[in-house]
Amino acid sequence: MDWDKLRIFHAVADAGSLTHAGDSLHLSQSAVSRQIRGLEDQLGVTLFHRHARGLILTEQGELLFQATSAIASQLDATAARLRDNDEEVAGDLRVTTATGFGTLWLVPRLNKLYQLYPDLKIELLLEERVLDLAMREADVAIRMKEPSQADLIRRRLLNIRMRLYATRSYLAEAGRPVGIEDIGAHRVICQAPNASQVSAGRNLAAMLLAQSPRSTLLVNNYFGVLQAVLANAGIGVLPDYLVADFPDLVQIFDDTQSGEVPVFLAYPEELRSSRKVTAFRDFVVEEIQSYRKAQRTP
């Protein structure tokens, strides 16, 4: 097949428009259209359904787009490895992790990484959806479960649990509950059981809500739960990695907690020698070690 035509096809399929693809390729719409027609003639199939709102891939077009996407991912990985300098850590690095861990633990520490490597350009993707590292949707992932893909390098960072927390100010005013049955007299702040979260947190939230608390505040991420707890709004379900950074949090009930949640760092095998990935991995591991030390310090 003509590689130039495939490149243009991929841009059109990705943009869903001849015009937008032409803009990104610095080609006229008519030139892009001619290349697509030429590719369709070469293959003997129709690749796009054309309508007023844009272009939609046919079944054959979807198959070809999957192939060109895989090629593009491999080329991006190769380019990243070629750009990695033997002496410097610089350039683009795409990191994905859960919203709570990324917002509350990782982001506050990134300035230390930038101080070490000021030319690093990080794109941080905070979402609960698991991105496909093999397809290069991201370079590195920090996930709340062990990755299932066999072609990933993974490292277990730590285990976390969700526990109940409130501030000293809140407990001084509202009183500290003695047993789980006392939760009914307080406001419970947590993620809704049907929100996107690890099952351990979901189960703990469901158990608390089953106690029929007087009032509830449901938030779809732990950042919102933390802000409400710090504002003395009630007792919240939060991951225990926050304690070292927020010493005003007081744990409620030593025996009420979620099951353990493993936290893994993972990246594709093909990025094993990437200096950017290695630098990020080593930085996170060192910060985890410092975090554990802070947890052990009264």
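Let me begin with a term: on a 1 Å grid over the protein atoms alone, a pocket is an open set of points where a 1.4 Å probe fits, with protein on both sides within 12 Å along at least five of seven lines. Grid points are joined across faces, edges and corners, and a volume is the space filled by probe spheres set on the points.

Now the ground rules. This is a predicted model, where local features need pLDDT of at least 70, side-chain atom pairs count only at pLDDT 80 or more, and totals for chains, interfaces and linings use all residues. Residues are numbered from 1 along each chain as its sequence is written, and side-chain values use heavy atoms, with hydrogens and water left out.

How much space lies in the largest pocket? About 520 Å³. Its lining counts 30 residues, and A98, E128, M144, Q197 and V198 are the closest to its centre. A lining residue has an atom within 4 Å of a point. β3 (91–97), α5, β5 (140–143) and α8 (199–209) each give the lining at least two residues. Helices (H or I, at least four residues) and strands (E, at least two) are DSSP runs, numbered from the N terminus. By class, 15 lining residues are nonpolar, ten polar and five charged. Nonpolar covers Ala, Val, Leu, Ile, Met, Phe, Trp, Tyr, Cys and Pro; charged covers Asp, Glu, Lys and Arg; the others, Gly among them, are polar.

Next, the rings. Rings of Phe, Tyr and Trp (its six-membered ring) pair if their centres lie within 6.5 Å; planes under 30 degrees apart are stacked, over 60 edge-to-face, the rest tilted. The count is three aromatic pairs. Take F9 and F48: their centres are 5.6 Å apart and their planes at 50°, so this pair is tilted. F9 sits in helix α1 (residues 3–15) and F48 in strand β1 (residues 48–51), so the pair ties together parts 39 residues apart in sequence. Both F9 and F48 are buried, meaning under 20% relative accessible area (1.4 Å probe, protein chains only).

F101 and W105 are stacked, at 5.1 Å centre to centre and 20° between the planes. They are four residues apart in helix α5 (residues 99–106), so about one helical turn separates them. F101 and W105 are both buried too. With Y241, they are linked by ring pairs into a cluster.

Finally, the whole chain. The protein chain has ten helices and twelve strands. Its C-alpha trace spans about 75 × 50 × 30 Å along the principal axes. Of its 298 residues, 46% count as buried.

Technical notes
Buried < 20%, exposed > 50% of the residue type's maximum accessible area, 1.4 Å probe, protein only.
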